[in-house]
Every structure is written in C-alpha cells, then in structure tokens.
Amino acid sequence: MKLYDLMKSLTQVDFEDCEVSCITDDSRNIKEGCVFVCVKGASFDGHSAAAKASEAKAAAIITQRDMGVERQIIVEDTRKFYGMLCAAWFSHPEKKMKFVGVTGTNGKTTMTNVIKYILTQNGHKVGLIGTIRNEIGDDVIHTDNTTPMAFDYMQLLDRMYKAGCDTVVMEVSSFGLVQQRIGPTHFDVAVFTNLTQDHLDYHKTMENYYQAKKMLFDITDKAICNLDDEYGKRLYSEITCEKYGFSCNKKADFYADVMKLRASQTTFWFCADNKCHNISMNMIGMFNVENVTAAIAACTLMDIPIENIIPAIAKYNGVKGRCEIIPTGRDFTVICDYAHTPDAIENILSSVKEYCEGRLICLFGCGGNRDSAKRPLMAQAAAKFADVLMVTSDNPRNEEPDDIIRDIMQGLTDCKKKIFVEPDRRQAIYDTLKMAQPSDIIVLAGKGHEDYQILKNNVHIHFDEREVVSDGLKLL
C-alpha cells in the first residue's frame with residue numbers, strides 16, 4: 001500500500017509518498033518501510049524509539065512532538081491516530097457491518113452471548129468479541145483481552161467481514177475505550193449494564209471509571225441504560241443520543257415483571273410499548289433476568305420481532321462459567337461463576353439463596369496485582385448471603401496468596417458465619433465438597449470460564465474447576 005493512500009483521510013500534512021510494508025506501535029516490530037506510531041504507554045514511551053525507526057528507514061514516524069527525525073508526521077494524539085490508521089490499513093471493516101456494544105462492570109459476557117444467539121437464530125451471521133473468546137459465526141478464536149488491541153481488533157473485524165458477518169456484538173471494556181483500541185467504530189446500539197468497584201488499580205477513581213465507560217455513548221446511535229443502577233440513571237440523564245431505559249424493579253421503556261425463579265428455569269414477563277410477553281429461559285437468577293431483559297431490548301432495536309426472540313431465548317442454555325451448574329450426581333449442587341467483584345458476588349449469591357433449601361457455601365478468592373481495595377468488600381458481600389465461606393486463592397500472579405487472603409479477612413472481622421481458609425484452590429474445592437450436605441449449594445466464585453490459574457512471573461497452569469470438582473467427587 002502507498003503511504004498517500006493510507007494517510008490521505010487522516011492528515012493534511014505534506015509528505016513524500018512511498019510503499020508501506022506494515023504499521024505498528026510496537027518498537028520491537030520496527031522495520032524498513034513501516035509506519036511507526038509513537039504511543040506513550042504506562043511504562044514505555046514510543047517516542048524514545050523514533051530515532052530507531054528513522055535509522056531503520058521507516059516510511060513515516062507519527063509523533064505528538066518534534067523528534068528531530070526525518071519523515072516524521074506530528075499529530076495531536078498518536079494513540080487515537082493509531083486506531084484510525086489500523087482501520088485504514090484494513091480498508092475500514094468497521095464501516096461494513098452493524099455493531100452492538102455492551103459495557104459495564106458485570107453482565108457483559110452473558111448479555112453479548114444472548115444477543116449473538118438471538119441474532120443468529122434470526123438469520124444473521126454474527127461476530128462476537130468478548131472476555132471468554134472471540135467468535136466468527138461458529139468458529140472460536142482465542143482472546144487475550146476483552147477488547148483487543150487496535151491492530152488485532154481491526155484485523156479481527158476484517159476477518160469477520162470477509163467470513164460473511166453482517167453484525168458484530170462486542171463487550172467494550174473501559175480499557176478499550178480509554179486506549180482508543182476500537183478506532184473509528186460506531187455502534188448502532190450500545191447497552192450500559194452497571195458500574196461497581198473494579199479496575200481502580202488502573203482508573204484510580206470511580207469517576208474516572210464511569211467517564212471511561214461513558215465514552216461508548218458518544219459513538220452510538222441508540223443507548224440502553226440500566227435504570228436500576230445509580231450510574232445507569234446518571235448516564236441516562238447525561239447522554240444526548242437516542243436513549244432507552246430498562247429495569248427489573250419499575251416501569252421503563254423495557255422492563256421485566258412477575259419474575260419466577262427456580263433452580264433450573266426462570267420465567268418472567270418482558271414488557272415494552274404497553275405489551276407484555278411471557279419469557280421462559282434455562283438460565284437462573286435475578287441477574288440473568290436483568291441480562292436477558294437488556295438483550296431482548298437490544299435485539300428489538302436491531303429490528304428483530306419479539307415473536308422471533310421468544311423461542312430463541314427458550315432454547316438458549318447459558319454461557320460457560322456464568323452461573324454454570326457442574327454435574328455431580330450427588331444430592332447437593334455445585335455452581336461455577338466468574339463473579340470477581342463485590343457486586344457480582346452479591347448478585348450470584350442473592351439469586352441462589354432464593355431457592356437454596358440447604359446451606360449456601362461460597363468458595364472465593366481475589367486476584368493478585370489487581371484492585372486490593374475490593375478484597376474486604378468481596379468478603380462482606382459473600383458473608384451477607386452465604387452460610388459457610390471458604391476463602392482461598394484465585395489468580396495470585398506476583399502476590400503471595402497469604403497476603404491476598406489477609407486483605408480478604410479484613411472484611412470478615414465481625415462475621416459470625418463459618419469461615420474456612422485454604423490457600424490451595426484445588427484443596428479448597430476438595431474440602432468444600434467434603435463438607436457438603438444434602439440440598440446444599442456450593443458456589444465456586446471467581447474463575448468461571450477460565451481453565452487456568454496465573455502464578456508468579458505470569459506462569460499459567462491448567463486449572464479447570466469442572467475437572468477439579470470431578471476429581472474431588474472421586475475422593476468422597
């Protein structure tokens with residue numbers, strides 16, 4: 001590709017045309033003919049590699065300030081520019097499909113998967129971008145980030161378009177928005193689920209976290225906001241695009257009513273435009289009523305008739321690692337869930353508590369090198385509903401598991417519930433299975449879909465809780 005063809009819509013600066021071999025913001029990938037974009041990150045400023053790019057005979061060096069090198073092009077925001085550049089490199093796949101975005105702290109994965117299923121059942125070929133994995137129709141693609149980095153993101157969209165996708169449904173993370181990973185993508189519909197404490201190690205304050213999420217609603221045509229969430233209500237009052245509210249507690253543009261929660265099935269009425277429709281689904285819990293209500297709302301705004309949505313919901317069996325029942329063949333129940341924030345812990349436990357006939361046992365830990373302030377809050381959320389707590393490890397990363405557990409226990413100083421501590425998560429699961437009595441429900445919180453555990457120096461070991469439970473049952 002010629003440099004002029006790549007850059008003509010991005011800058012008015014004059015430059016000498018030449019052939020471009022590649023584009024990158026990674027100094028390790030600099031080579032002759034590349035366009036190198038100098039992006040300042042948390043630990044490395046790409047501007048320090050401008051001279052290296054010049055020596056390598058880069059086609060262009062994009063900077064935010066004069067670096068005194070040949071073939072430099074100065075722009076206001078190199079990070080934003082790189083997202084635009086990646087879109088241009090792949091001939092703007094973001095303009096060739098429709099987009100549904102979901103952002104918030106909890107519920108994104110379930111909601112996007114439900115939306116994809118409904119759209120697929122109604123004849124659309126859908127690309128999915130999210131926490132668990134990316135999908136092109138039925139093909140599964142590994143993912144490292146909820147929202148991929150800019151080049152990977154546009155490359156993925158290009159693959160989706162060439163595979164025949166007409167719609168992309170994606171989880172849009174706060175990181176992805178702040179770091180401009182999605183380039184010039186514009187959304188037909190965007191959903192805000194909720195906002196609770198998470199990622200404050202990066203955003204520092206809840207206000208910064210909220211403002212990051214809010215960025216999505218500057219680039220969408222239609223917004224759907226959770227009016228049961230304080231930040232959702234605030235967002236609804238502040239955004240200027242076409243907007244709708246959803247609720248499970250009061251009348252809104254879209255709302256759920258007459259909910260009946262059972263151990264294996266949930267029913268409720270979905271109401272909109274002065275009409276109510278009976279919904280039956282195989283997912284359990286009040287939080288899934290909320291997720292599905294918003295998913296149905298999004299699909300109706302994508303012009304899918306409610307009459308076509310209802311049977312799709314009835315057939316859907318849920319998302320791996322999201323309130324997933326692990327078969328045991330015993331007289332107690334084991335549920336695996338990704339809950340790793342105080343609000344998510346409270347949501348899953350409060351929902352399960354409603355139909356738990358025995359004791360509710362919660363096994364959980366907290367991730368290392370992540371927001372430590374939420375650790376005692378997660379403990380308090382667990383203690384609010386669980387009868388028995390098993391405190392263990394999650395992904396300790398470069399922290400000592402005992403140090404993480406010590407932070408967790410600060411939230412349980414006045415707790416009168418039974419509390420057990422076992423840093424080895426495998427052994428903790430074995431011990432929890434041994435204490436289970438008839439009609440008890442065990443909730444394994446935190447790992448969900450993950451089939452690994454992250455230890456020191458980013459070492460990943462295989463750890464699938466479904467397998468661990470199976471092994472543990474053999475020891476009973």
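Which residue of S9 does Val126 stand opposite? Val126 stands opposite Thr167 in S9, and that pairing opens this account of a predicted model.

## Basis of the description

Residues are numbered from 1 along each chain as its sequence is written, and side-chain values use heavy atoms, with hydrogens and water left out. In this predicted model, local features need pLDDT of at least 70 and side-chain atom pairs count only at pLDDT 80 or more, whereas totals for chains, interfaces and linings use all residues.

Five of the five residues of S9 are buried, so the strand is largely enclosed by the rest of the structure; here buried means under 20% relative accessible area, exposed means over 50%, and partly exposed lies in between, with a 1.4 Å probe and protein chains only. Thr167, Val169 and Glu171 point one way from S9, while Val168 and Met170 point the other way, and all of them are buried.

Two strands are said to pair if DSSP finds at least two bridges between them. Strand S6 (residues 126-129) pairs with S9 in the parallel sense over four bridges, and S5 and S9 are also parallel, with five bridges between them.

## Strand S10 and its partners

Strand S10 (residues 187-192) has five of its six residues buried, so it is largely enclosed by the rest of the structure. Strand S5 (residues 98-103) runs parallel to S10 and is joined to it by four bridges, with Val100 standing opposite Val189 in S10.

S10 also pairs in the parallel sense with strand S11 (residues 220-226), over five bridges. The partner of Phe187 in that strand S11 is Thr220.

## Nonpolar cores

A nonpolar core is a set of buried Ala, Val, Leu, Ile, Met, Phe, Trp, Tyr and Cys residues joined through side-chain atoms within 4.5 Å. The largest nonpolar core has 52 residues, and those with the most contacts inside it are Val35, Ile62, Leu85, Leu157, Met160 and Met170. A second, separate core of 42 residues includes Leu119, Phe270, Val289 and Val319.

Contact, or touching, means heavy atoms within 4.5 Å.

A pocket is found on a 1 Å grid over the protein atoms alone, as an open set of points where a 1.4 Å probe fits, with protein on both sides within 12 Å along at least five of seven lines, and its lining residues have an atom within 4 Å of a point. The second largest pocket has a volume of about 860 Å³, a volume being the space filled by probe spheres set on the points, which are joined across faces, edges and corners.

This pocket is lined by 27 residues, of which Asp25, Val39, Gly41, Arg79 and Met149 lie nearest its centre. Strand S1 (22-24), helix H3 (78-89), helix H5 (150-162) and helix H6 (174-178) each supply at least two residues of the lining.

## Buried residues in loops and a helix

His47 lies in the loop between strand S2 (34-37) and helix H2 (50-55), and it is buried, with a relative accessible area of 3%. Leaving aside neighbours within four places in sequence, His47 is in contact with Cys38, Thr63, Gln64, Arg65, Met67 and Thr78. Ile284, in the loop between strand S15 (275-281) and helix H10 (286-301), is likewise buried, with a relative accessible area of 4%.

Asp158 lies in helix H5 and is buried, with a relative accessible area of 11%. Beyond residues up to four places away in sequence, Asp158 touches Phe90 and Pro93.

## Positive phi values

Val258, in strand S13 (residues 254-261), has a positive phi near 50° although it is a residue other than glycine, and it is partly exposed, with a relative accessible area of 45%. Asn369, which is not a glycine, has a positive phi of about 55° and is found in the loop between strand S18 (360-364) and helix H13 (374-385).
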